Amino acid sequence: MERREQMVEISQAFLVATLDRLSDKIAVIDAAGHILFSNRAWKHEDVEPKNRPNVADANNYLNAVEAAAFRGDAWAISAFTGINNVISRSSPYFSMEYPIYISGRHFWFQLDIRAIDFGGGDCFVITQKDVTPGMQAKLGLADQSNRHPLTGAPDRNLVDLFLASEIQRCRRLNTSISLALFQVEQYKEVRNTFGVLAADECLLAIYRSITQLARRPSDFVGQVDQQLFAVVLGNTEASTAKKIACTIQGQTAALVVHDFDGHDTTPMCLSCSIISVAADDTVLSKTLYDQVERHLVTVRAQGAGRLIMNDYSA
């Protein structure tokens, strides 16, 4: 009997050591969501807390997901529903891919949960796997030829791919999606007065400013041409999209960029066209982009630095 207990202890230690060597995050919870076991990768904090809808508190994973869902996080809502379906045995397993934002970069993870019978009670294994390389390949994000040579921002092709993918995600989650185009004004004036290098520094500063403000997991910033930026805002209704766009405009107007003689350049401003729409079956990425692009012409005709919302029509 003692020999058998020793073997069990050795087997458990071996299993824990093996799971701790895996890069995937693994945890076992009970039907109430209490964490019974987690490997070393699960405990490693490598994601900004506000961008972790799946992060567990010290004791209860389900409570943490529910709290994020209560705050309106669409990914957490989907995860909470799927996890409860598995716990109630309505579904044998649940799996979803979700984006997160870490240190200025987008990453994607896959969440899986399955039921196991152990010790006479119900237990559930949760794994979180980094699937960023596959998603980058799918969206073409790893290809540097698809990026603007000055800022490194994703180009129009990548904006289109991400927009189409995000529309599908928002459709599954039954949420809204917004698209904003920002036209840089006064670029030629800055270039002619202070030179090309100073004008390029202004564009870099504007791009950095936009990416700092549109940095949620479902946001995506691209540069369509030299003076035009596109911002995809997933899971975002009109009021929130307008607030984000207004903040971007304000931050850009407040930017101070110096030329090589130490002089301040002429401030640039952004004209903005926004479309927000419920992501149903009628919403097509090309139609959405074309419409907001046409609307931007109308916005600029009313004067530089305007921001106008546009109604979507399929």
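**Figure 1. Aromatic pairs in the predicted model.** A search of the whole structure turns up 3 aromatic pairs, and please keep in mind that this is a predicted model. In one of them, Phe162 and Phe220 are stacked, at 4.3 Å centre to centre and with 15° between the planes. Phe162 belongs to helix H6 (residues 156–173) and Phe220 to strand S7 (residues 219–225), so this pair links distant parts of the chain, 58 residues apart. Both Phe162 and Phe220 are buried.

**Figure 2. Tyr207 and Phe229, a stacked pair.** Here the ring centres of Tyr207 and Phe229 are 6.1 Å apart and the planes meet at 15°, so the pair counts as stacked. Because Tyr207 sits in helix H8 and Phe229 in strand S8, the pair ties together parts that are 22 residues apart in sequence. Tyr207 is buried, and Phe229 is buried too.

**Figure 3. The largest nonpolar core, with Phe182 in view.** This core has 26 residues, and Phe182 and Val184 are the ones that touch the most other members. Two or more residues come from each of S6, helix H7 (187–194), helix H8 (196–213), strand S8 (228–234), helix H9 (238–253) and strand S9 (269–278). H8 gives the most, with 6 residues. Now look around Phe182: leaving aside neighbours within four places in sequence, its contacts include Phe229, Val231, Ala245, Ile248, Leu270 and Cys272. Gln227, Gln249 and Ser271 are also among the residues in contact with Phe182. A second, separate core holds 23 residues, including Leu228, Val283, Leu288 and Tyr289.

**Figure 4. A salt bridge between Lys129 and Asp24.** The model has 5 salt bridges in total. In this one, the side chains of Lys129 and Asp24 meet at 3.8 Å, N to O. Lys129 lies in strand S5 (residues 121–130) and Asp24 in the loop between helix H1 (2–20) and strand S1 (25–30), so the pair ties together parts 105 residues apart in sequence. Lys129 is partly exposed, at 40% relative accessibility, and Asp24 is partly exposed as well, with a relative accessible area of 22%.

**Figure 5. Glu185 and Arg300 across the chain.** Glu185 and Arg300 form a salt bridge in which the closest N and O atoms are 2.9 Å apart. The two residues link distant parts of the chain, with Glu185 in strand S6 (residues 176–185) and Arg300 in helix H10 (residues 285–301), 115 residues apart. Glu185 counts as buried at 8% relative accessibility, whereas Arg300 counts as partly exposed at 38%.

Figure 6. Lys286 and Asp290 form a salt bridge, with 2.7 Å between the closest N and O atoms. Lys286 is exposed, with a relative accessible area of 56%. Asp290, by contrast, is buried: its relative accessible area is 18%, and the cut-off for buried is under 20%.

**Figure 7. Helix H3 and its N-terminal cap.** In helix H3 (residues 61–70), the buried residues are Tyr61, Leu62, Ala64, Val65, Ala68 and Ala69. They cover an arc of only 160° around the axis, which puts them on the same side of H3. Asn60 caps the N-terminal end of H3, with a side-chain oxygen 3.0 Å from the backbone nitrogen of Leu62.

Note on methods: Residues numbered from 1 in each chain as written. Predicted model: local features only at pLDDT ≥ 70, side-chain atom pairs only at ≥ 80, totals over all residues. Heavy atoms only, no water. Buried < 20%, exposed > 50% of the residue type's maximum accessible area, 1.4 Å probe, protein only. Helix = DSSP H or I, 4+ residues; strand = E, 2+ residues; numbered from the N terminus. Arc of directions from axis to C-beta. Polar contact = N/O pair within 3.5 Å; in protein donor to acceptor, adjacent residues only side chain to side chain. Salt bridge = Lys/Arg side-chain N within 4 Å of Asp/Glu carboxyl O. Core = buried A, V, L, I, M, F, W, Y, C linked by side-chain atoms within 4.5 Å. Contact = heavy atoms within 4.5 Å. Phe/Tyr/Trp six-rings, centres within 6.5 Å; stacked < 30°, edge-to-face > 60°.
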